[in-house]
Each structure stands twice: as structure tokens, then as C-alpha cells.
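Welcome! Take a look at the sequence and the 3D view below, then work through the exercises that follow.

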Amino acid sequence: AEGQSEDDNVVWSIMDMELPKWVVGFQYALQDATERMNTMIDVEYKAAVWNYTTAEEIPRNVNPACREDAPELVLANSGFDFGASTCDGLVLSPVLFGAFLKYANPLYDPTKEEEEEDRMWEDLIDDDMDNMLAAVNDRIASGDLEITCLSSSSTTTTTTDSNSIPSGYMTDVELIDTL
């Protein structure tokens with residue numbers, strides 16, 4: 001079906017009969033609600049505001065309600081989104097139960113989760129850098145990349161050919177490093 005992705009976990013058809021668009025949209029809305037609830041739970045857990053006995057004691061830099069991207073601030077005076085609120089309500093119980101199972105597990109170690117998240121971001125950045133380097137190399141090889149090198153005395157612009165880079169010009173790695 002149009003717009004269908006292999007990894008979005010949305011059912012578009014049953015027994016070769018396409019589902020109505022509102023059913024597909026509802027599945028996406030439930031996924032968005034699940035992501036919102038999980039993000040909210042993670043932010044609240046990392047803030048550890050339950051360690052304070054009164055709201056006045058919570059420092060503003062720790063309080064999730066005072067963050068720039070807090071729903072309390074971002075969505076203030078924007079009206080009531082009936083659809084999103086309904087989906088939030090539908091996924092809240094399963095998400096809270098999943099959070100309970102995760103955080104109540106005596107073997108749960110938040111440092112392992114943080115290390116895994118850091119590793120995921122490093123892998124993502126490495127993949128992006130590899131893709132960017134490959135794209136730059138492809139453009140250099142095709143001869144359509146214009147490289148400008150600035151020196152204190154002059155500016156030189158050239159179009160590279162696929163075999164060599166004249167002396168005094170930056171290689172693709174040096175170019176990426178300067179960006």
C-alpha cells in the first residue's frame with residue numbers, strides 16, 4: 001500500500017484486503033502515544049523527583065515540568081487534542097505495566113541502559129559519518145564536487161578529477177574534519 005514501510009509495525013491489509021486509512025492512522029496514533037508515554041516515563045525516572053518531599057524543594061534544573069520541551073509548557077493554551085488524549089489513555093496502562101516490570105526488576109541496572117544508549121548514538125553518528133564520506137567520495141570521483149581551500153594569501157577553487165587531488169588541496173577526510 002502507498003506509504004507502507006516494512007519496519008513500522010503497522011498492519012495495512014488483512015488477507016489481501018486493504019484496511020481503511022483511519023484504521024492505519026489509528027495504529028500510527030497509538031504508536032505515537034506509546035512513544036510519548038515511554039519518553040515521559042523515562043524523563044520522570046531519570047529526574048528522580050520522588051526523592052523530594054515537597055514540590056518547592058525540587059530544583060528547576062531537575063524538575064521535568066520546567067524543561068523547555070515539557071508538555072506542560074509546549075502544549076499550554078493549544079486546546080485539547082481529543083484523538084491524541086484518547087490514544088494516550090488507551091496505551092497508558094500497558095506502558096505503565098511495562099515500566100513497572102522494567103524498573104521493579106531487581107536485576108535492572110540503569111548504567112547498562114545508559115551505556116547501551118550511548119553506544120547506539122555512537123553507532124548512529126558513525127553510520128552517518130560513513131554515509132557522508134561515501135557521498136563526498138562519490139562526488140569527488142564523478143568530478144562534480146567543487147572544493148574551495150582558503151589560505152591566508154588567496155582563495156583557490158577547483159573541480160577535482162577522479163584520479164588525483166592537486167597539491168595544496170584538502171583530501172575528503174580533511175574536508176570533513178574541518179566541517
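A residue is called buried when its relative accessible area is under 20%, exposed when it is over 50%, and partly exposed in between (1.4 Å probe, protein chains only). This is a predicted model, where local features need pLDDT of at least 70 and side-chain atom pairs count only at pLDDT 80 or more, while totals for chains, interfaces and linings use all residues. Residues are numbered from 1 along each chain as its sequence is written, and side-chain values use heavy atoms, with hydrogens and water left out.

**Exercise 1. Get an overview of the protein.**

Step 1: Start with the burial. Of the 179 residues, 18% count as buried.

Step 2: Turn to the secondary structure, where helices (H or I, at least four residues) and strands (E, at least two) are DSSP runs numbered from the N terminus. The protein has 5 helices and 4 strands, and their order from the N terminus is β-β-α-α-α-α-β-β-α.

**Exercise 2. Find the salt bridges and say where their partners lie.**

Step 1: Recall the idea. Side chains of opposite charge can pair when their charged atoms come close. The rule used here asks for a side-chain nitrogen of Lys or Arg within 4 Å of a carboxyl oxygen of Asp or Glu.

Step 2: Count them. The structure contains 3 salt bridges.

Step 3: Take Arg-36 and Asp-88, whose side chains meet in a salt bridge at 2.6 Å, N to O. Arg-36 belongs to helix α1 and Asp-88 to helix α3 (residues 82–103), so this pair ties together parts that are 52 residues apart in sequence. Arg-36 is partly exposed because its relative accessible area is 36%, whereas Asp-88 is buried at 18%.

Step 4: Go on to Lys-102 and Asp-42, whose closest N and O atoms are 3.8 Å apart in their salt bridge. Since Lys-102 is in helix α3 and Asp-42 in helix α1, the pair ties together parts 60 residues apart in sequence. Lys-102 is partly exposed at 27%, and Asp-42 is partly exposed at 26%.

Step 5: Finish with Arg-67 and Asp-69, which form a salt bridge with the closest N and O atoms 2.8 Å apart. Arg-67 has a relative accessible area of 35%, so it counts as partly exposed; Asp-69 is partly exposed at 49%.

**Exercise 3. Is Gln-27 buried or exposed, and what does its side chain reach?**

Step 1: Locate Gln-27 in helix α1 (residues 21–47).

Step 2: Check its cover. Gln-27 is buried because its relative accessible area is 18%.

Step 3: Follow the side chain of Gln-27 to the backbone nitrogen of Val-11, at 2.8 Å.

Step 4: List the contacts (heavy atoms within 4.5 Å). Apart from neighbours within four places in sequence, Gln-27 touches Val-10, Val-11 and Leu-19.

**Exercise 4. Which residues make the nonpolar surface patch?**

Step 1: Apply the rule. Patch residues have over 30% relative accessible area and no salt bridge; nonpolar side chains (Val, Leu, Ile, Met, Phe, Trp, Tyr) are joined within 5 Å, and like charges within 9 Å.

Step 2: Name the members. Met-120, Trp-121, Leu-124 and Ile-125 make a patch of about 430 Å².

Step 3: Ile-125 sits in helix α4 (residues 110–142), and it counts as exposed because its relative accessibility is 53%.

Methods. Accessible areas come from the Shrake-Rupley method with a 1.4 Å probe; for residues, only the protein chains shown count as cover. A polar contact is a pair of N or O atoms within 3.5 Å; within protein, one must be able to donate a hydrogen and the other to accept it, and residues adjacent in sequence count only if both atoms are side-chain atoms.
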